[in-house]
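Have the coordinates open as you read, and follow along.

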Amino acid sequence: MTLLGNFALWAALLFGIWGAVLAFSGRWQGRPEVALSVTRSVYAVFAACAVASIALWKGIIAHDFNIEYVWAYTSRNLPSGYLFSAFWAGQKGSLLFWAVVLSLFAALAQAMTPRRYAPLMPYVAGVTSAVTVFFVAVMLFSGANPFDRLPFTPADGRGLNPQLQNPGMMIHPPMLYLGYISITIPFAFAIAALLSKRLDTGWIHAMRRWMLVSWLFLGVGITLGMWWAYVELGWGGYWAWDPVENASLLPWLTMTAFLHSVMIQEKRGMLKRWNLSLVVGTFLLSIFGTFITRSGVIASVHSFTQSNVGYYFLAFLVVIAVASYTLLYTRWPMLEADVELESMVSREAAFLFNNLLFVGIAFSVLWGTLFPILSEAVRGTKITVGPPFFNKVNVPLGLLLLALTGIGPLIAWRKASVQNLQRQFAFPVGSGLLVTAVLVALGVRDLAPLMTWGLAGFVGGTIAQEFWRGTRARIRMYGESVPMALGRLVGRNRRRYGGYIVHLAMLVYFVAFAGMAFKVQREATLKPGESVEVKSPFGHTYTFTHVGISQFKQLNRYVSAATVEVALDGKPDGRIVSEKRQHFTINELGTEEASFEPSTEVGIRSGLREDVYIVFAGAVDGTEEAVYRFNINPLVWWVWAGGFILLFGGLITMWPGGGTPVASRRHAEAGYGVELATARAGVP
Amino acid sequence: MHRRAFLSLQQDAVASPRAGQGDVGTLFNPDVAGRPRAPTVEGDNDVVVRNTELRLRCSCGCTLDIFTCRTTDFTCTYSPALHREILALFAEGKTSEGVIAAFVDKYGEKILMAPKPEGFNIAGYVVPGVAILTVGGIVAWIIRRRVRMSAERAGDLTGERAAAAATGTDDELDRLKRELAEMEK
């Protein structure tokens with residue numbers, strides 16, 4: 001298998017180099033057979049990467065511990081589901097995963113892009129091949145080859161880190177990888193547009209859905225990462241501003257900015273330079289995230305083992321940045337806006353400031369992430385930049401962004417009149433004030449949550465108003481029932497109303513995040529039968545009674561399960577179990593040997609209002625006397641709900657049909673082109 | 001049957017006395033139940049202590065603060081020791097700021113979860129905001145300038161476009177109005 005795997009990697013490298021060199025040489029122009037060779041090289045690269053991946057999976061499933069990667073990340077007693085996810089658990093395997101998924105996306109882009117964009121495709125093939133070649137080369141030449149063999153064959157592997165033995169880890173990393181990797185396709189289209197000088201909106205229409213795919217994967221991946229951190233790591237939160245978490249947020253923020261600003265380019269022919277810069281910047285940030293994760297240059301709980309692989313990524317990052325922005329600079333004069341902004345109070349201007357804020361937040365996160373390095377370089381002093389810093393800097397920006405989420409859709413395109421603004425803002429502002437007043441009456445005094453929930457009321461008002469007005473218009477025009485009018489409204493304007501559903505997801509996220517300001521924590525040591533009371537932020541009283549600790553063997557681990565009886569306001573409310581797990585592998589003598597540190601499985605009861613979150617910290621002196629941490633975490637369920645709403649809205653937005661971009665462009669042009677003339681003709 | 005009602009029935013069915021109630025039994029195999037723990041002390045739940053620990057970094061290399069590290073997975077040996085050190089400093093009568101100052105003296109500035117806003121560190125706090133405000137100001141200025149120029153150009157073309165529009169029929173103008181209404185939604 002290793003021979004086949006190595007052969008496949010070399011084949012991928014050579015096919016990729018062929019495709020990239022031929023594409024960038026431009027020799028395919030006017031020679032269809034050469035252009036075909038370029039695009040076919042993409043399929044060949046995918047086939048070779050797929051063979052290499054199958055070879056690695058075969059080695060993992062066959063427990064071939066002579067392969068160093070298989071030995072390092074699996075064991076004979078590893079549950080079969082995690083044998084599958086071990087593929088991307090380590091540095092080397094994840095590089096191969098990256099290469100195979102990128103080559104798959106590159107092949108799909110070639111196969112699925114309509115023929116009218118054919119002049120762009122050889123360049124797209126060249127860019128995707130070049131990026132794939134980089135990943136394959138890193139595997140082959142930087143000591144990160146997943147097919148490296150050990151000089152002997154161990155009886156068993158070291159096993160998979162217990163924290164990675166969680167269902168979340170089977171989907172969270174692939175989702176993030178899919179997000180990161182698919183960014184390459186929009187980037188390839190942007191570079192293709194610049195190289196071919198076809199700088200109309202064609203490249204945007206060709207890649208817009210890819211950008212949405214990437215944005216959605218990354219958004220869902222980030223949410224799944226929060227879920228995994230919450231249920232597996234046991235610290236009771238879901239976001240810690242860790243450098244690797246930050247690195248995943250950065251491209252998501254710039255992609256979100258792009259998804260807004262691209263509407264201005266499509267509708268008005270503006271912001272062409274900015275949009276190209278954003279696409280290039282997003283790709284660079286995805287490579288930067290990979291550099292952070294794999295170099296060890298910034299301390300992170302998520303990082304792979306420190307290795308020289310990161311420096312390959314740094315070099316790649318610099319080369320791509322210089323080449324891309326130089327290319328953009330040479331095309332600068334061709335990227336003049338078709339029209340000018342007509343008013344500061346317009347949706348275009350609102351989108352512009354929303355973009356500024358998205359990029360500003362991305363910058364502040366990047367700045368905070370890199371500031372320790374900068375500080376050490378300038379002052380020679382190591383400092384830590386943790387959650388207190390990020391919260392101080394980013395919470396105000398986040399609130400401003402939440403406000404713009406509500407403001408943007410209320411302002412008319414081109415120029416809003418005072419009358420229009422009054423009509424549009426009355427209900428949302430009213431709903432925001434009402435929510436704030438109710439919360440103050442209920443005794444909420446903390447400023448940040450109060451502002452967040454008040455703004456959430458405003459944004460909710462905006463979204464409700466948009467849906468209601470659209471639905472009402474359909475009811476009046478077509479006499480449809482409310483559900484049918486709503487369904488058709490969304491179905492025929494998927495991009496717009498899918499976008500509003502995504503705004504709703506953001507609102508739900510913010511509401512949930514603010515809830516954590518009221519988290520309650522209590523540590524207690526309990527003998528069997530002893531109880532402790534914890535007051536919920538909603539005013540209820542939980543009584544937790546320690547039942548006892550049972551121990552048993554399960555799969556590849558010993559489990560110590562501590563059981564707690566829960567009573568809510570004196571009424572029995574079931575039991576919650578939290579566990580300590582000690583994993584083991586089988587050594588050369590055939591006996592069990594502890595592997596890794598003991599891990600904790602949190603006991604969670606999730607509810608719409610609050611989560612009861614119990615961590616069994618350990619036993620006192622080997623007895624059943626247990627040390628617990630009890631958390632009452634408000635509104636956490638809504639974070640996961642936000643993830644589902646985001647997914648739903650994203651899918652609606654990118655679902656095929658519902659009006660083509662070309663049609664909407666013509667529609668927009670027709671509308672704008674005649675408005676002024678209509679006004680001149682005296683039509684009221 | 002409602003889940004809670006079902007659970008309470010189950011609970012009633014448990015033999016009395018309930019499992020584990022009474023004397024503290026010993027574990028079958030204490031070696032697989034994680035690190036042995038000392039019983040909780042009063043300071044473990046003190047809000048001032050917790051808030052102080054949230055501002056100090058654990059030195060085990062985990063990048064977490066002391067409170068989060070010592071209550072996460074409970075495998076770190078550094079954070080419980082640092083916690084005891086903090087409790088001892090509070091017992092000496094130090095305030096939260098005093099404890100933090102003592103930690104900075106002993107472990108250096110890197111023990112803080114966020115740098116003090118002084119000297120070069122101020123740049124860390126203000127640069128993002130200043131950058132956003134500066135760029136925002138420049139963007140606003142450019143927009144205003146272009147809006148003005150655009151308005152001036154539109155004024156020059158008024159007569160020409162009005163003439164063009166005047167050639168439209170009533171039906172065409174109605175259709176244009178509908179288009180505009182659609183766009184304004």
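A:Ile475 counts as partly exposed because it has 16 C-beta neighbours inside 10 Å, and the cut-off for a buried residue is 20 or more. Bear in mind that this is a predicted model. If you want to find the residue on screen, A:Ile475 sits in helix 16 of chain A, which covers residues 447–478.

What does A:Ile475 touch once its neighbours within four places in sequence are left aside? Its contacts are then A:Glu480, A:Val482 and A:Ala485. A further pair to look at is A:Ile475 and A:Leu486: 11 residues separate them in sequence, and their C-alpha atoms are 9.0 Å apart.

## Helix 19 and its partners

Next, turn to helix 19 of chain A, residues 637–654. Its 18 residues span 26 Å from the first C-alpha to the last, close to the 26 Å expected at 1.5 Å a residue.

Which residues of helix 19 of chain A are buried? They are A:Trp638, A:Val639, A:Gly642, A:Gly643, A:Ile645, A:Leu646, A:Gly649, A:Gly650, A:Ile652 and A:Thr653. The packing partners of these buried residues in chain A are helix 9 (202–233), helix 17 (482–492) and helix 18 (494–515).

## Where helices 6 and 8 cross

Two packed helices are described by the angle between their axes and the distance between the axes. For helix 6 (residues 121–141) and helix 8 (residues 184–196) of chain A, the axes come within 8 Å and cross at roughly 130°. That angle makes helix 6 of chain A oblique to helix 8 of chain A. The crossing of helix 6 of chain A with helix 8 of chain A is right-handed.

On the helix 6 side of chain A, the contact involves A:Tyr123, A:Val124, A:Val127, A:Thr128 and A:Val131. Facing them from helix 8 of chain A are A:Thr184, A:Phe187, A:Ala188, A:Phe189, A:Ile191, A:Ala192, A:Leu195 and A:Ser196. By class, the residues of this contact between helix 6 and helix 8 of chain A are 10 nonpolar and three polar, with no charged ones.

## A look at chain B

How many helices and strands does chain B have? The secondary structure of chain B consists of seven helices and zero strands, giving the pattern α-α-α-α-α-α-α along the sequence.

Chain B has 185 residues, and 24% of them count as buried. Taking contacts in chain B between residues at least 6 apart in sequence, 39% join residues at least 24 apart.

Key:
Residues numbered from 1 in each chain as written. Chains lettered and ligands numbered in written order. Predicted model: local features only at pLDDT ≥ 70, side-chain atom pairs only at ≥ 80, totals over all residues. Axes fitted to C-alpha atoms, helices over the stretch in contact; angles between N-to-C directions. Helix = DSSP H or I, 4+ residues; strand = E, 2+ residues; numbered from the N terminus. Parallel < 35°, antiparallel > 145°, perpendicular 65-115°, else oblique. Left-handed = near helix turned anticlockwise from the far one by under 90°. Contact = placed C-beta atoms within 7 Å. Nonpolar A, V, L, I, M, F, W, Y, C, P; charged D, E, K, R; others polar. Expected span 1.5 Å × (residues − 1). Buried ≥ 20, exposed ≤ 12 C-beta atoms within 10 Å, placed from the backbone.
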